[in-house]
Amino acid sequence: MTADLRRSHITIRALHQRREGPDIQTLTADYTPTTRKTPTPVPRSVPNRSRLTMAFTSCVCSLLVLLGMLGKDAAYPQGANEMSCAQLLPGHGKEVTHTKPYSLLVNRLTVYPGDTIKVTIEGTKSFKGFLVKTVNTQTGNTIGYSIPGSNMGDRCGKSGVTHKDGRIPKNRRTFDWVAPSNANAGTVIQFRSVIVEEKRFYYYVNSANVVIVSRPITQAPTTPKPRPPVGGFTFGISNERQAGNSQSRDTNAQPHLPREITGIDGSPQTAEQIQKEITRVGQITRSAIQWSWRRFLHLIFPNVNWSASRS
């Protein structure tokens, strides 16, 4: 009976295992599940030097962009800088070529070395900025020096001018230019300019050519030498005689001074005019004496032709 009970117990246990599944402890002991390991990400290391270089480059680029924006806005109201003189190129806008409402005028087309020319910028439309320089057309170099007008400053080695009131619209500006005192005769100059209507548009305008000519040489006036009296006659009384007569009459009187000779209209006469008058009076007197002498001889000797005789 004990054996039967043991077999029954084994049978029940087998049925129970078939129905419920294997024993958990047995499975745990016999089976060890394998787990998939996820790889740990390795952090990418960036060298410190590279990160510093990137940061510095970014800061420099930002600073340059900021300065460029500020530079354009700040440099425009106070005029062009010296770097713009070579090509007359503004740092903003674009060139307009189809119409030019502005003119660059000069008050003379020839000038002596050291003399001044008046230059005028004017237009049918208002403008805000400009840059003018004076160029020797034969060499391309700047020449002379300018005297800026109101609200202007000198540029291009003092041979040109620029505005200082770029925020104010205007229709006319004037300045003076002085030619070099040692300039060669025949030098041809020209005033060249860029005129900015506003920030978006600008125009290139040139003046007419101006020629430097040599100054004429003036000779000092020469004093004519006094001529001898005509016909041996002298006129007037010497200063010494007049002075002696005056002193004999009045011992306290001042020495006699020769009077100034004046013409009919009261204007003073020059030495040449006085000499001509003396010559004319002498000729008249001589002719009168000769006519009287011939008349007298004709009355005494009527048969003699005295007009053919030598005077």
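This is a predicted model: local features need pLDDT of at least 70, side-chain atom pairs count only at pLDDT 80 or more; totals for chains, interfaces and linings use all residues.
Me: How many aromatic pairs does the structure hold?
Reply: There are 6, counting Phe, Tyr and Trp rings (six-membered ring for Trp) with centres within 6.5 Å; planes under 30 degrees apart are stacked, over 60 edge-to-face, the rest tilted. Y102 and Y203 are edge-to-face, because their planes sit at 70 degrees, with centres 5.3 Å apart. Y102 is in strand β2 and Y203 in strand β11, 101 residues apart; strands here are DSSP E runs of at least two residues, helices H or I runs of at least four, numbered from the N terminus.

Me: Are Y102 and Y203 buried or exposed?
Reply: Both are buried (under 20% relative accessible area; exposed is over 50%, partly exposed in between, with a 1.4 Å probe and protein chains only).

Me: New topic: how many salt bridges?
Reply: The count is 9, each a Lys or Arg side-chain nitrogen within 4 Å of an Asp or Glu carboxyl oxygen.

Me: What does E197 pair with?
Reply: K125, at 3.0 Å from N to O. E197 lies in strand β10 and K125 in β4, so the bridge ties together parts 72 residues apart in sequence. E197 is buried at 15%, and K125 is partly exposed at 37%.

Key
Residues are numbered from 1 along each chain as its sequence is written. Side-chain values use heavy atoms; hydrogens and water are left out.
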